[in-house]
Amino acid sequence: MDAPVLAEHASVLLQQLERMRAVEELTDVVLLAEGTPFHCHKVVLSAFSPYFQAMFTCGLKETRGGEVPLRDTPAQSLKLLLDYMYRAELPLSNDNIQGVAAAAFLLHVDGAFRLCQSHMEARMDPSNCVGLYHWARDLGATSLADCAFRFLCQHFAQVCEEEEVLELDAQSLGDLLGSDDLNISEEQVVLELVLRFDRSEENSWVELCSAAHRDMYALGLLGDCLFMIGGQMKTRNHYVITDSVERWSLKRGGSWLSFAPLPLPLACHSVVSLKEHLYVLGGWTPQHQPDDEPDKLSNRMFQFDPSKDRWTERARMKYSRYRCGTAILNGEIYILGGIGCNGEDIGQSRRCLSSVEIYNADTDTWRAGPTLPMALLSLRTNASNLAAVDGKLYLCGYYKGAGRHEIITKEILELDPADNVWTVVERRAAMHDSYDVCLVANLNPRDLITP
């Protein structure tokens, strides 16, 4: 088939697909963005996006009803991406470029993202390259971030004249100044930038308080008070696990104040706040007998009442565990995964857990929750990779297996208590390569602004 015939054939196919989309003929999926429905064909979406191809072929429950909500995609950006797929058109402007690029990157519409990247690179200048570098790095678009960084190096003198350069973090500034590609004729420019950066940092960070250094502690928040609970401290050239509890007021400031100590020393434990109380769960505590193991896992839970400055032991968990996830959902405490053993730790073997336990504070009872799809543990001993959002639990990033050499995953699991089943909702979440994870009030928020 010669080129003119092939071009005509492709044009007819595009025109017919666009016509069918317009009249909703043979469409088999509805994409929802900001409440706006977009009737589409799965085969077209899958042809342009491996994200949609995986979604429609791996049996995710979200696709069974024919509607797929895209919580992180603006409706206008999705409309432009669909026009790109069905019409081979992508009109880009300074007003829409960032929203379209972010949507194309997250939905893996690679052809559209390449056009966005070319548009951004062609319009890069000393006044916007720093913002573009931060935006691309946070998004995970390493190729675009590298391009912006090279532009920074090549136009360093001009970039230094812009206030935006002070938005670089210390690590990025160090990488920039240490780059072999840095284009500079006078060392004075570097010195002036460093001095400006130091003054900016001094104005940005103020030491509010200080406490004795420790690690593997837990932080709990009640009202406007922050509690630092337990952890490991270094005294007289050796490390000890502490039962110390200190409080700092976010409103009143001042220094850390000591409160009633934990009933036993703990490290690598979890803490949640519920109904004006703190709950400390699991962790490990040192042994005191010479023949014992160096540490003992805990299946105990302690409740702290700040009004009475008193700790009370509550019902014990079925499993002793640490490196687990904890969250509050519908007024109940969920604890899941981690490394542990069945019952009180009396020396039995430990393993990576898939169990989920749910605590009801009104009845002081535990019950079994929906088992995880696989045994897993959190990325860090105090990682925040489990949270409740809109009445559901989300678990983001974890180890499959009990060793650091085991598989690290960037999946996001969702638990809808109505179904009581864990579902994989994202298999390649945008996550920093250090695998530190924090889930907050909104899942994956992206209030992006133009560089």
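Analyst: Happy to! Let's start with Cys153: it has 2% relative accessibility and therefore counts as buried, where buried means under 20% relative accessible area, exposed over 50% and partly exposed in between (1.4 Å probe, protein chains only). This is a predicted model, in which local features need pLDDT of at least 70, side-chain atom pairs count only at pLDDT 80 or more, and totals for chains, interfaces and linings use all residues. Residues are numbered from 1 along each chain as its sequence is written, and side-chain values use heavy atoms, leaving out hydrogens and water.

User: What makes Cys324 buried or exposed?

Analyst: Its relative accessible area is 7%, so Cys324 is buried.

User: How do you know how many disulfides there are?

Analyst: A disulfide is a pair of cysteine sulfur atoms within 2.5 Å, and searching the whole structure turns up zero. For Cys153, the nearest cysteine sulfur belongs to Cys129, 9.8 Å away. For Cys324, the nearest is that of Cys268, at 9.9 Å.

User: What makes a set of residues a nonpolar core?

Analyst: The members are buried Ala, Val, Leu, Ile, Met, Phe, Trp, Tyr and Cys residues joined through side-chain atoms within 4.5 Å. The largest such core has 57 residues, and Leu31, Leu45, Phe52 and Trp135 have the most contacts inside it. A second, separate core has 17 residues, including Leu222 and Phe302.
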